[in-house]
Amino acid sequence: LFTLVFDNQERYDTLEDLLVEFKLRTGHYKEHITARGVMVYVPKSISFAQMEECDFQEFYSKAINVALKYFIPGSTREEIDRAVNEVLSFAA
């Protein structure tokens with residue numbers, strides 16, 4: 001999903017930067033108060049070792065919504081699912 005979005009946007013220079021944006025927009029972060037009293041958002045991990053399958057599926061569903069709203073608004077969920085499945089079939 002993120003590679004598909006990355007290839008269709010111009011704002012982010014790296015896939016990692018785009019992933020941070022997705023984590024923030026989906027609410028997949030924790031709040032942290034700095035020593036100066038400023039609240040910042042720290043993105044959480046999405047590694048399989050850090051997440052339950054149901055939590056990952058929830059994140060992924062929200063990520064698709066973010067992709068549709070902010071990055072590829074002319075697409076449908078079905079088109080994204082098809083594109084992601086194509087990429088996964090090449091990896092298998």
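Reader: Among contacts between residues at least 6 apart in sequence, what percentage join residues at least 24 apart?

Author: Glad you asked! In this predicted model, 38% of those contacts join residues at least 24 apart. The protein has four helices and two strands, in the order α-α-β-β-α-α along the sequence.

Reader: How should I read a helix, and which residues of helix 3 are buried?

Author: The general idea is that an α-helix has 3.6 residues a turn, so residues three or four places apart point the same way. Here, helix 3 covers residues 53–71 and reaches 25 Å from its first C-alpha to its last, close to the 27 Å expected. Its buried residues are Phe56, Phe59, Tyr60, Ala63, Ile64, Val66, Ala67, Leu68 and Phe71.

Reader: There are several aromatics there. How many aromatic pairs does the protein have?

Author: A pair of aromatic rings is described by the distance of the centres and the angle of the planes. In this structure the count is eight. Take Phe2 and Phe59: their ring centres are 6.3 Å apart and their planes stand at 35°, so this pair is tilted. Since Phe2 lies in helix 1 and Phe59 in helix 3, the pair ties together parts 57 residues apart in sequence. Phe2 counts as buried at 16% relative accessibility, and Phe59 is buried at 4%.

Reader: And Phe48, is that residue buried or exposed?

Author: Phe48 is exposed, with a relative accessible area of 66%, whereas Phe56 is buried at 18%. Their ring centres lie 5.6 Å apart with planes at 50°, so they too form a tilted pair. Both belong to a cluster linked by ring pairs, whose members include Tyr12, Phe22 and Phe71.

Conventions:
Residues are numbered from 1 along each chain as its sequence is written. This is a predicted model: local features need pLDDT of at least 70, side-chain atom pairs count only at pLDDT 80 or more; totals for chains, interfaces and linings use all residues. Side-chain values use heavy atoms; hydrogens and water are left out. Contact means heavy atoms within 4.5 Å. The expected span of a helix is 1.5 Å times one less than its number of residues. Buried means under 20% relative accessible area, exposed over 50%, partly exposed in between (1.4 Å probe, protein chains only). Rings of Phe, Tyr and Trp (its six-membered ring) pair if their centres lie within 6.5 Å; planes under 30 degrees apart count as stacked, over 60 as edge-to-face and the rest as tilted.
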